[in-house]
Amino acid sequence: MPKKTIVIVTLVAVILAYALPASAQRKGRRMKQVDLLVLGGTLVSMDKERRIVLDAGIAVAGGRIVAVGTRREISGAYAAPQTVNADGRIIVPGLINGHTHIPMTLFRGLADDLDLQDWLTKYIFPAEAKNVSEEFVRAGTRLGLAEMIRGGTTTYCDMYYFEDAIADETAKAGVRGVLGETIIDFPVADNKTNAEGMAYVARFVQRWKGHELIVAAIAPHAPYTVSEEHLKAVRAFSESTGAPIVTHISETKREVDDSVKTKGASPIDYLSRIGFLSNKVIAAHVVWPSDEELDLLKKAGVGVIHNPQSNMKLASGVAPVPQMLKRGLLVGLGTDGAASNNDLNMWEEMDTAAKLHKVFSGDPKVLSAEEAFEMATIRGAQALHLETEIGSIEKGKRADLVIVERDSLNQIPLYNVYSDLVYATKANDVETVIINGRIVMSDRRLLTLNEQEIKASARRFRDQVTRSLGTPGSKP
Ligand SMILES: [Zn+2]
(Lines give C-alpha, C1' and ligand atoms only; values in the text may rest on other atoms or scores of the structure.)
Protein backbone atom coordinates (compact mmCIF):
# COMPACT_ATOMS: atom_id res chain seq x y z
CA MET A 1 0.00 0.00 0.00
CA PRO A 2 1.47 3.42 -0.96
CA LYS A 3 2.38 5.72 1.93
CA LYS A 4 -0.22 8.31 0.89
CA THR A 5 -3.03 5.74 1.02
CA ILE A 6 -1.89 4.54 4.44
CA VAL A 7 -2.06 8.11 5.74
CA ILE A 8 -5.56 8.59 4.33
CA VAL A 9 -6.82 5.27 5.75
CA THR A 10 -5.33 6.12 9.15
CA LEU A 11 -6.92 9.57 9.05
CA VAL A 12 -10.33 8.13 8.17
CA ALA A 13 -9.99 5.54 10.96
CA VAL A 14 -9.10 8.23 13.48
CA ILE A 15 -12.02 10.44 12.39
CA LEU A 16 -14.41 7.50 12.58
CA ALA A 17 -13.12 6.48 16.00
CA TYR A 18 -13.91 9.92 17.40
CA ALA A 19 -16.96 10.79 15.32
CA LEU A 20 -18.97 7.59 15.77
CA PRO A 21 -19.19 7.51 19.57
CA ALA A 22 -19.96 11.23 19.51
CA SER A 23 -22.86 10.68 17.11
CA ALA A 24 -24.07 7.73 19.17
CA GLN A 25 -23.93 9.97 22.25
CA ARG A 26 -25.86 12.69 20.50
CA LYS A 27 -28.37 10.05 19.46
CA GLY A 28 -28.40 8.70 23.04
CA ARG A 29 -29.55 12.04 24.29
CA ARG A 30 -32.43 11.90 21.88
CA MET A 31 -33.35 8.32 22.87
CA LYS A 32 -36.70 8.14 24.60
CA GLN A 33 -36.55 6.45 27.97
CA VAL A 34 -39.09 3.62 28.45
CA ASP A 35 -39.49 0.77 30.95
CA LEU A 36 -38.91 -2.28 28.78
CA LEU A 37 -37.83 -3.27 25.28
CA VAL A 38 -38.56 -6.54 23.49
CA LEU A 39 -36.13 -6.96 20.63
CA GLY A 40 -35.84 -9.55 17.87
CA GLY A 41 -38.12 -12.38 16.81
CA THR A 42 -41.17 -12.57 14.56
CA LEU A 43 -44.02 -10.39 15.80
CA VAL A 44 -47.57 -11.52 15.06
CA SER A 45 -49.44 -8.30 15.80
CA MET A 46 -53.13 -9.26 15.23
CA ASP A 47 -53.71 -5.58 14.41
CA LYS A 48 -56.21 -4.61 11.70
CA GLU A 49 -53.70 -5.25 8.91
CA ARG A 50 -52.59 -8.50 10.61
CA ARG A 51 -49.08 -7.13 10.35
CA ILE A 52 -46.23 -9.59 10.86
CA VAL A 53 -42.85 -7.98 11.61
CA LEU A 54 -39.60 -9.87 11.17
CA ASP A 55 -36.78 -8.97 13.56
CA ALA A 56 -39.22 -6.89 15.56
CA GLY A 57 -39.00 -4.37 18.36
CA ILE A 58 -41.52 -3.26 20.97
CA ALA A 59 -41.16 -0.40 23.47
CA VAL A 60 -43.19 -0.54 26.68
CA ALA A 61 -43.80 2.20 29.25
CA GLY A 62 -46.35 2.56 32.04
CA GLY A 63 -47.78 -0.88 31.28
CA ARG A 64 -48.62 0.06 27.70
CA ILE A 65 -47.07 -0.46 24.28
CA VAL A 66 -45.62 2.86 23.17
CA ALA A 67 -44.12 1.73 19.87
CA VAL A 68 -44.02 -1.30 17.58
CA GLY A 69 -41.62 -1.66 14.69
CA THR A 70 -38.47 -3.36 13.55
CA ARG A 71 -35.65 -3.95 16.01
CA ARG A 72 -33.67 -1.22 14.23
CA GLU A 73 -36.42 1.35 14.53
CA ILE A 74 -37.13 0.60 18.18
CA SER A 75 -33.56 0.16 19.43
CA GLY A 76 -32.58 3.33 17.57
CA ALA A 77 -35.23 5.44 19.25
CA TYR A 78 -35.83 3.97 22.72
CA ALA A 79 -33.67 3.03 25.69
CA ALA A 80 -34.82 0.96 28.68
CA PRO A 81 -33.30 -0.50 31.84
CA GLN A 82 -34.65 -3.91 30.85
CA THR A 83 -34.52 -5.69 27.47
CA VAL A 84 -36.05 -9.05 26.61
CA ASN A 85 -34.29 -10.83 23.78
CA ALA A 86 -36.82 -12.51 21.50
CA ASP A 87 -34.36 -13.60 18.80
CA GLY A 88 -35.46 -16.71 16.95
CA ARG A 89 -38.86 -16.68 18.70
CA ILE A 90 -42.43 -15.64 17.97
CA ILE A 91 -44.05 -12.75 19.85
CA VAL A 92 -47.85 -12.92 20.05
CA PRO A 93 -50.49 -10.96 21.95
CA GLY A 94 -51.30 -12.57 25.32
CA LEU A 95 -53.96 -15.25 24.91
CA ILE A 96 -57.45 -14.58 26.26
CA ASN A 97 -59.33 -17.35 28.02
CA GLY A 98 -62.89 -16.09 27.66
CA HIS A 99 -64.60 -18.44 30.08
CA THR A 100 -63.53 -20.37 33.13
CA HIS A 101 -64.23 -21.03 36.80
CA ILE A 102 -60.64 -20.82 37.99
CA PRO A 103 -60.86 -22.41 41.47
CA MET A 104 -62.39 -25.51 39.88
CA THR A 105 -58.83 -26.55 39.07
CA LEU A 106 -59.11 -28.21 42.49
CA PHE A 107 -61.95 -30.40 41.09
CA ARG A 108 -59.91 -31.40 38.04
CA GLY A 109 -60.71 -35.04 37.31
CA LEU A 110 -63.17 -35.38 40.22
CA ALA A 111 -65.97 -36.61 37.96
CA ASP A 112 -65.64 -37.25 34.25
CA ASP A 113 -67.64 -38.87 31.48
CA LEU A 114 -71.09 -37.77 32.71
CA ASP A 115 -74.06 -35.76 31.37
CA LEU A 116 -73.98 -32.07 32.32
CA GLN A 117 -76.97 -32.40 34.68
CA ASP A 118 -75.59 -35.49 36.48
CA TRP A 119 -72.12 -33.99 36.57
CA LEU A 120 -73.46 -30.76 38.07
CA THR A 121 -76.08 -32.07 40.50
CA LYS A 122 -74.46 -35.32 41.69
CA TYR A 123 -70.84 -34.22 41.90
CA ILE A 124 -69.97 -30.57 41.35
CA PHE A 125 -72.73 -28.86 43.35
CA PRO A 126 -72.33 -31.26 46.38
CA ALA A 127 -68.52 -31.02 46.23
CA GLU A 128 -68.79 -27.24 46.12
CA ALA A 129 -71.30 -27.15 48.99
CA LYS A 130 -68.93 -29.17 51.20
CA ASN A 131 -65.58 -27.64 50.26
CA VAL A 132 -65.70 -24.17 48.81
CA SER A 133 -64.31 -21.63 51.24
CA GLU A 134 -62.26 -18.53 50.71
CA GLU A 135 -59.11 -20.54 51.40
CA PHE A 136 -60.15 -23.18 48.83
CA VAL A 137 -60.86 -20.51 46.24
CA ARG A 138 -57.51 -18.80 46.80
CA ALA A 139 -55.58 -22.09 46.46
CA GLY A 140 -57.47 -23.10 43.31
CA THR A 141 -57.00 -19.66 41.82
CA ARG A 142 -53.24 -19.74 42.36
CA LEU A 143 -53.07 -23.17 40.70
CA GLY A 144 -55.09 -21.92 37.73
CA LEU A 145 -53.07 -18.72 37.42
CA ALA A 146 -49.79 -20.64 37.36
CA GLU A 147 -51.15 -22.97 34.68
CA MET A 148 -52.46 -20.09 32.62
CA ILE A 149 -49.25 -18.04 32.78
CA ARG A 150 -47.24 -21.11 31.73
CA GLY A 151 -49.57 -21.45 28.74
CA GLY A 152 -49.35 -17.80 27.68
CA THR A 153 -52.81 -16.75 28.87
CA THR A 154 -52.66 -13.16 30.08
CA THR A 155 -56.38 -12.39 30.46
CA TYR A 156 -59.17 -14.63 31.67
CA CYS A 157 -62.87 -14.23 32.27
CA ASP A 158 -64.16 -15.97 35.37
CA MET A 159 -67.35 -16.85 37.18
CA TYR A 160 -67.23 -18.25 40.72
CA TYR A 161 -67.78 -17.58 44.43
CA PHE A 162 -65.56 -15.40 46.66
CA GLU A 163 -64.65 -13.57 43.45
CA ASP A 164 -63.14 -10.75 45.50
CA ALA A 165 -60.51 -13.22 46.80
CA ILE A 166 -59.97 -14.40 43.21
CA ALA A 167 -59.42 -10.78 42.16
CA ASP A 168 -56.94 -10.33 45.01
CA GLU A 169 -54.90 -13.42 44.00
CA THR A 170 -55.09 -12.46 40.31
CA ALA A 171 -53.86 -8.92 40.91
CA LYS A 172 -51.04 -10.21 43.14
CA ALA A 173 -49.93 -12.65 40.41
CA GLY A 174 -50.02 -9.79 37.89
CA VAL A 175 -52.64 -11.41 35.65
CA ARG A 176 -55.53 -9.62 33.94
CA GLY A 177 -59.09 -10.75 34.67
CA VAL A 178 -62.74 -9.99 33.98
CA LEU A 179 -64.00 -11.58 37.17
CA GLY A 180 -67.67 -12.26 37.80
CA GLU A 181 -69.19 -12.91 41.22
CA THR A 182 -71.88 -15.58 40.84
CA ILE A 183 -75.55 -14.80 41.39
CA ILE A 184 -77.63 -17.97 41.68
CA ASP A 185 -81.03 -18.70 43.24
CA PHE A 186 -79.88 -21.11 45.92
CA PRO A 187 -77.60 -20.66 48.93
CA VAL A 188 -73.94 -20.94 47.99
CA ALA A 189 -70.63 -20.83 49.82
CA ASP A 190 -70.24 -17.08 50.08
CA ASN A 191 -73.81 -15.79 49.96
CA LYS A 192 -76.98 -17.40 51.27
CA THR A 193 -79.59 -15.12 49.65
CA ASN A 194 -79.97 -13.04 46.53
CA ALA A 195 -79.86 -9.86 48.65
CA GLU A 196 -76.51 -10.94 50.17
CA GLY A 197 -75.17 -11.80 46.71
CA MET A 198 -76.19 -8.44 45.25
CA ALA A 199 -74.68 -6.59 48.22
CA TYR A 200 -71.42 -8.56 47.80
CA VAL A 201 -71.25 -7.68 44.10
CA ALA A 202 -71.88 -4.00 44.82
CA ARG A 203 -68.92 -3.90 47.26
CA PHE A 204 -66.78 -5.99 44.89
CA VAL A 205 -67.37 -3.78 41.85
CA GLN A 206 -66.76 -0.64 43.89
CA ARG A 207 -63.50 -1.97 45.35
CA TRP A 208 -61.85 -2.75 42.00
CA LYS A 209 -63.07 0.27 40.08
CA GLY A 210 -60.30 1.66 37.86
CA HIS A 211 -57.81 -1.13 38.65
CA GLU A 212 -55.35 -1.66 35.80
CA LEU A 213 -55.69 -5.48 35.78
CA ILE A 214 -59.07 -6.34 37.28
CA VAL A 215 -62.50 -5.73 35.79
CA ALA A 216 -65.08 -6.73 38.40
CA ALA A 217 -68.24 -8.22 36.91
CA ILE A 218 -71.60 -9.69 37.94
CA ALA A 219 -72.25 -13.29 36.94
CA PRO A 220 -75.81 -14.63 36.97
CA HIS A 221 -75.18 -18.38 36.56
CA ALA A 222 -77.76 -19.10 33.82
CA PRO A 223 -81.35 -18.25 32.86
CA TYR A 224 -82.49 -21.57 34.39
CA THR A 225 -80.87 -20.95 37.80
CA VAL A 226 -81.71 -17.25 38.21
CA SER A 227 -85.28 -15.90 38.20
CA GLU A 228 -86.57 -13.26 35.79
CA GLU A 229 -86.81 -10.72 38.61
CA HIS A 230 -83.21 -11.34 39.65
CA LEU A 231 -81.96 -11.25 36.04
CA LYS A 232 -83.63 -7.86 35.60
CA ALA A 233 -81.91 -6.64 38.78
CA VAL A 234 -78.56 -7.84 37.40
CA ARG A 235 -79.17 -5.94 34.16
CA ALA A 236 -80.08 -2.79 36.11
CA PHE A 237 -76.93 -3.17 38.25
CA SER A 238 -74.78 -3.48 35.12
CA GLU A 239 -76.47 -0.44 33.60
CA SER A 240 -75.83 1.73 36.65
CA THR A 241 -72.26 0.59 37.42
CA GLY A 242 -70.93 -0.30 33.95
CA ALA A 243 -69.99 -3.77 35.24
CA PRO A 244 -69.94 -6.52 32.60
CA ILE A 245 -72.36 -9.44 32.94
CA VAL A 246 -70.85 -12.93 32.67
CA THR A 247 -73.30 -15.79 32.14
CA HIS A 248 -73.98 -19.20 30.56
CA ILE A 249 -76.59 -19.30 27.79
CA SER A 250 -78.01 -22.16 25.73
CA GLU A 251 -75.43 -24.74 26.75
CA THR A 252 -77.51 -27.88 26.19
CA LYS A 253 -80.49 -28.98 24.13
CA ARG A 254 -82.26 -29.83 27.38
CA GLU A 255 -81.88 -26.24 28.60
CA VAL A 256 -83.56 -25.02 25.41
CA ASP A 257 -86.40 -27.58 25.62
CA ASP A 258 -87.03 -26.77 29.31
CA SER A 259 -86.99 -23.06 28.59
CA VAL A 260 -89.57 -23.44 25.81
CA LYS A 261 -91.72 -25.56 28.15
CA THR A 262 -91.54 -23.31 31.22
CA LYS A 263 -91.07 -19.84 29.73
CA GLY A 264 -92.58 -20.24 26.29
CA ALA A 265 -89.33 -19.18 24.61
CA SER A 266 -85.83 -20.53 24.02
CA PRO A 267 -83.17 -18.98 26.29
CA ILE A 268 -81.82 -16.15 24.10
CA ASP A 269 -85.29 -15.24 22.90
CA TYR A 270 -86.46 -15.17 26.54
CA LEU A 271 -83.49 -13.04 27.67
CA SER A 272 -84.13 -10.63 24.84
CA ARG A 273 -87.83 -10.35 25.76
CA ILE A 274 -87.04 -9.49 29.39
CA GLY A 275 -84.55 -6.85 28.25
CA PHE A 276 -81.50 -8.65 29.64
CA LEU A 277 -79.23 -8.63 26.58
CA SER A 278 -76.76 -5.76 26.14
CA ASN A 279 -73.27 -4.95 24.94
CA LYS A 280 -72.07 -5.63 28.49
CA VAL A 281 -73.05 -9.31 28.36
CA ILE A 282 -70.44 -12.05 27.91
CA ALA A 283 -72.28 -15.30 27.17
CA ALA A 284 -70.51 -18.64 27.45
CA HIS A 285 -71.44 -21.61 25.23
CA VAL A 286 -74.41 -20.57 23.01
CA VAL A 287 -74.47 -24.09 21.60
CA TRP A 288 -78.16 -24.25 20.62
CA PRO A 289 -79.26 -20.84 19.26
CA SER A 290 -81.68 -20.45 16.36
CA ASP A 291 -80.70 -18.15 13.46
CA GLU A 292 -83.09 -15.53 14.86
CA GLU A 293 -81.40 -15.78 18.23
CA LEU A 294 -77.98 -15.23 16.64
CA ASP A 295 -79.40 -12.05 15.14
CA LEU A 296 -80.63 -10.98 18.60
CA LEU A 297 -77.12 -11.48 20.03
CA LYS A 298 -75.57 -9.55 17.17
CA LYS A 299 -78.05 -6.69 17.51
CA ALA A 300 -77.46 -6.40 21.26
CA GLY A 301 -73.66 -6.59 20.90
CA VAL A 302 -73.37 -9.63 23.19
CA GLY A 303 -69.93 -11.28 23.36
CA VAL A 304 -70.00 -15.06 22.85
CA ILE A 305 -67.43 -17.47 24.24
CA HIS A 306 -67.01 -20.79 22.47
CA ASN A 307 -65.77 -23.65 24.70
CA PRO A 308 -65.21 -26.52 22.26
CA GLN A 309 -63.46 -28.97 24.60
CA SER A 310 -65.96 -28.57 27.45
CA ASN A 311 -68.88 -28.87 25.03
CA MET A 312 -67.33 -32.01 23.55
CA LYS A 313 -66.55 -33.60 26.92
CA LEU A 314 -70.05 -33.03 28.28
CA ALA A 315 -71.53 -33.88 24.85
CA SER A 316 -73.42 -30.58 24.96
CA GLY A 317 -73.22 -30.18 21.19
CA VAL A 318 -71.36 -28.05 18.66
CA ALA A 319 -71.92 -24.29 18.73
CA PRO A 320 -72.59 -22.78 15.28
CA VAL A 321 -69.35 -20.78 15.33
CA PRO A 322 -68.86 -20.49 11.54
CA GLN A 323 -72.36 -18.99 11.31
CA MET A 324 -71.56 -16.63 14.18
CA LEU A 325 -68.37 -15.47 12.47
CA LYS A 326 -70.22 -15.00 9.17
CA ARG A 327 -72.73 -12.76 10.95
CA GLY A 328 -69.93 -10.74 12.52
CA LEU A 329 -70.70 -11.74 16.10
CA LEU A 330 -68.05 -11.12 18.74
CA VAL A 331 -66.71 -14.63 19.38
CA GLY A 332 -63.90 -15.61 21.72
CA LEU A 333 -62.61 -18.92 23.02
CA GLY A 334 -62.61 -20.38 26.51
CA THR A 335 -61.60 -23.51 28.34
CA ASP A 336 -64.49 -23.52 30.84
CA GLY A 337 -63.59 -24.80 34.32
CA ALA A 338 -60.91 -27.44 34.70
CA ALA A 339 -63.52 -29.91 35.99
CA SER A 340 -65.02 -30.10 32.49
CA ASN A 341 -62.02 -29.82 30.20
CA ASN A 342 -59.66 -30.70 32.20
CA ASP A 343 -57.05 -28.00 31.71
CA LEU A 344 -56.80 -24.27 31.07
CA ASN A 345 -54.78 -24.63 27.88
CA MET A 346 -55.73 -22.15 25.16
CA TRP A 347 -53.40 -23.75 22.57
CA GLU A 348 -55.44 -26.94 22.75
CA GLU A 349 -58.65 -24.92 22.62
CA MET A 350 -57.59 -23.18 19.38
CA ASP A 351 -56.51 -26.44 17.81
CA THR A 352 -59.76 -28.16 18.84
CA ALA A 353 -61.95 -25.28 17.67
CA ALA A 354 -60.40 -25.29 14.20
CA LYS A 355 -60.71 -29.07 13.85
CA LEU A 356 -64.13 -29.57 15.48
CA HIS A 357 -65.89 -27.28 13.00
CA LYS A 358 -64.15 -28.92 10.05
CA VAL A 359 -65.31 -32.40 10.97
CA PHE A 360 -68.77 -31.22 12.03
CA SER A 361 -69.43 -29.34 8.78
CA GLY A 362 -67.50 -31.66 6.49
CA ASP A 363 -65.65 -28.61 5.19
CA PRO A 364 -61.95 -28.16 6.05
CA LYS A 365 -62.16 -24.50 4.99
CA VAL A 366 -64.93 -23.57 7.42
CA LEU A 367 -62.64 -22.24 10.17
CA SER A 368 -59.00 -21.40 9.42
CA ALA A 369 -56.00 -21.46 11.73
CA GLU A 370 -55.86 -17.67 11.50
CA GLU A 371 -59.52 -17.39 12.60
CA ALA A 372 -58.90 -19.76 15.50
CA PHE A 373 -55.92 -17.63 16.55
CA GLU A 374 -58.09 -14.51 16.25
CA MET A 375 -60.65 -16.03 18.61
CA ALA A 376 -57.93 -16.53 21.24
CA THR A 377 -56.64 -12.95 20.82
CA ILE A 378 -58.36 -9.99 19.13
CA ARG A 379 -61.81 -11.55 18.75
CA GLY A 380 -61.60 -12.75 22.36
CA ALA A 381 -60.87 -9.16 23.38
CA GLN A 382 -63.95 -8.02 21.44
CA ALA A 383 -66.10 -10.68 23.11
CA LEU A 384 -64.97 -9.40 26.53
CA HIS A 385 -65.67 -5.82 25.35
CA LEU A 386 -61.99 -4.97 25.94
CA GLU A 387 -60.76 -4.62 22.36
CA THR A 388 -59.47 -1.09 22.88
CA GLU A 389 -57.15 -2.37 25.64
CA ILE A 390 -55.96 -5.87 24.70
CA GLY A 391 -56.00 -8.55 21.99
CA SER A 392 -53.31 -7.20 19.66
CA ILE A 393 -49.80 -5.75 19.75
CA GLU A 394 -50.41 -2.13 18.86
CA LYS A 395 -49.32 1.26 20.09
CA GLY A 396 -51.51 2.38 22.98
CA LYS A 397 -52.69 -1.06 24.06
CA ARG A 398 -51.74 -2.78 27.28
CA ALA A 399 -48.38 -4.56 27.05
CA ASP A 400 -49.63 -8.16 27.31
CA LEU A 401 -47.02 -10.08 25.32
CA VAL A 402 -46.12 -13.73 24.99
CA ILE A 403 -42.82 -14.99 23.62
CA VAL A 404 -43.03 -18.46 22.16
CA GLU A 405 -40.15 -20.71 21.32
CA ARG A 406 -40.01 -21.81 17.68
CA ASP A 407 -37.28 -24.35 18.03
CA SER A 408 -39.26 -27.29 19.46
CA LEU A 409 -39.29 -30.48 17.42
CA ASN A 410 -43.07 -30.20 17.11
CA GLN A 411 -42.69 -26.80 15.36
CA ILE A 412 -39.94 -27.56 12.85
CA PRO A 413 -39.77 -26.63 10.01
CA LEU A 414 -41.97 -23.55 9.92
CA TYR A 415 -43.86 -22.49 6.77
CA ASN A 416 -46.87 -20.56 8.04
CA VAL A 417 -46.92 -18.82 11.37
CA TYR A 418 -50.69 -19.21 12.07
CA SER A 419 -50.57 -22.89 11.16
CA ASP A 420 -47.59 -23.29 13.47
CA LEU A 421 -49.27 -21.45 16.34
CA VAL A 422 -52.64 -23.22 16.13
CA TYR A 423 -51.82 -26.75 15.00
CA ALA A 424 -48.26 -27.34 16.25
CA THR A 425 -47.35 -25.09 19.16
CA LYS A 426 -48.01 -26.42 22.67
CA ALA A 427 -48.39 -24.61 25.98
CA ASN A 428 -44.91 -25.67 27.05
CA ASP A 429 -43.42 -23.84 24.07
CA VAL A 430 -44.24 -20.57 25.87
CA GLU A 431 -41.03 -19.10 27.28
CA THR A 432 -41.70 -15.61 28.56
CA VAL A 433 -44.91 -13.82 29.51
CA ILE A 434 -45.36 -10.09 30.04
CA ILE A 435 -48.62 -8.69 31.43
CA ASN A 436 -49.27 -4.96 31.69
CA GLY A 437 -45.57 -4.42 31.02
CA ARG A 438 -44.46 -6.67 33.90
CA ILE A 439 -42.54 -9.90 33.28
CA VAL A 440 -44.47 -12.65 35.10
CA MET A 441 -42.62 -15.58 33.53
CA SER A 442 -39.04 -15.38 32.28
CA ASP A 443 -37.49 -18.32 30.41
CA ARG A 444 -40.17 -20.59 31.90
CA ARG A 445 -39.56 -19.36 35.46
CA LEU A 446 -42.68 -18.10 37.22
CA LEU A 447 -41.82 -14.81 38.90
CA THR A 448 -45.03 -14.02 40.78
CA LEU A 449 -46.16 -17.42 42.05
CA ASN A 450 -44.60 -20.21 44.10
CA GLU A 451 -45.14 -23.38 42.11
CA GLN A 452 -44.10 -25.84 44.83
CA GLU A 453 -46.38 -24.30 47.42
CA ILE A 454 -49.26 -24.25 44.92
CA LYS A 455 -48.88 -27.96 44.12
CA ALA A 456 -48.67 -28.97 47.78
CA SER A 457 -51.80 -27.06 48.76
CA ALA A 458 -53.75 -28.42 45.76
CA ARG A 459 -52.91 -31.96 46.86
CA ARG A 460 -54.10 -31.21 50.40
CA PHE A 461 -57.44 -30.02 49.02
CA ARG A 462 -57.71 -33.15 46.85
CA ASP A 463 -57.63 -35.24 50.04
CA GLN A 464 -60.20 -32.98 51.71
CA VAL A 465 -62.61 -33.13 48.72
CA THR A 466 -62.29 -36.93 48.56
CA ARG A 467 -63.10 -37.29 52.25
CA SER A 468 -66.02 -34.84 52.03
CA LEU A 469 -67.75 -36.85 49.30
CA GLY A 470 -67.26 -40.11 51.18
CA THR A 471 -65.86 -41.66 48.02
CA PRO A 472 -63.03 -44.13 48.35
CA GLY A 473 -60.12 -41.81 47.79
CA SER A 474 -57.92 -42.87 44.99
CA LYS A 475 -54.32 -41.81 45.41
CA PRO A 476 -52.68 -42.06 42.06
ZN1 LIG B 1 -68.93 -22.37 32.68
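**Strands, rings and cavities**

Reader: Which residue in β21 is the bridge partner of Met-441?

Author: This is a predicted model, where local features need pLDDT of at least 70, side-chain atom pairs count only at pLDDT 80 or more, and totals for chains, interfaces and linings use all residues. Residues are numbered from 1 along each chain as its sequence is written, and side-chain values use heavy atoms, with hydrogens and water left out. Strand β20 (residues 438-442) and β21 run antiparallel, joined by two bridges. Within β21, Met-441 is partnered by Leu-446.

Reader: In what order do the seven strands of the open sheet stand?

Author: Strands are DSSP runs of E with at least two residues, and helices runs of H or I with at least four; two strands pair if DSSP finds at least two bridges between them. The pairing in this open sheet is mixed. Its seven strands follow the order β4-β3-β9-β18-β19-β20-β21.

Reader: Which strands stand at the edges, then?

Author: An edge strand here has a single partner strand, so one side of it is left without a neighbour in the sheet.

Reader: Let's turn to the rings. How many aromatic pairs does a search of the whole structure find?

Author: Rings of Phe, Tyr and Trp (its six-membered ring) pair if their centres lie within 6.5 Å. Across the whole structure, the number of aromatic pairs is six.

Reader: Is the pair of Phe-125 and Phe-186 edge-to-face or stacked?

Author: Planes under 30 degrees apart count as stacked, over 60 as edge-to-face and the rest as tilted. The two ring centres are 5.4 Å apart and the planes meet at 70°, so Phe-125 and Phe-186 are edge-to-face.

Reader: Where in the chain do the partners sit, and how many residues apart are they?

Author: Phe-125 belongs to helix α3, while Phe-186 is in the loop between β12 (176-183) and α6 (194-207). The pair thus links distant parts of the chain, with a separation of 61 residues.

Reader: Does Phe-186 count as buried or partly exposed?

Author: Buried means under 20% relative accessible area, exposed over 50%, and partly exposed in between (1.4 Å probe, protein chains only). Phe-125 has 22% and counts as partly exposed. With 32% relative accessibility, Phe-186 is also classed as partly exposed.

Reader: What is the relative accessibility of Phe-204?

Author: Phe-204 forms a tilted aromatic pair with Tyr-200, at 6.4 Å centre to centre and 45° between the planes. Both lie in helix α6, four residues apart, about one turn of the helix. Tyr-200 is buried, with a relative accessible area of 12%. Phe-204 is buried too, with a value of 2%.

Reader: What is the volume of the largest cavity?

Author: A cavity is a set of points on a 1 Å grid over the protein atoms alone where a 1.4 Å probe fits but cannot get out. Its volume is the space filled by probe spheres set on the points, joined across faces, edges and corners. The volume of the largest cavity is about 240 Å³.

Reader: Which element gives the most to the lining of the largest cavity?

Author: Lining residues (with an atom within 4 Å of a point) number 22, and His-101, Met-104, Leu-120, His-221 and His-248 lie nearest the centre. Two elements give two or more residues to this lining, α3 (116-131) and β11 (153-160). With six residues, the element that gives the most is α3.

Definitions and conventions: On a 1 Å grid over the protein atoms alone, a cavity is a set of points where a 1.4 Å probe fits but cannot get out, and a pocket is an open set with protein on both sides within 12 Å along at least five of seven lines; lining residues have an atom within 4 Å of a point.
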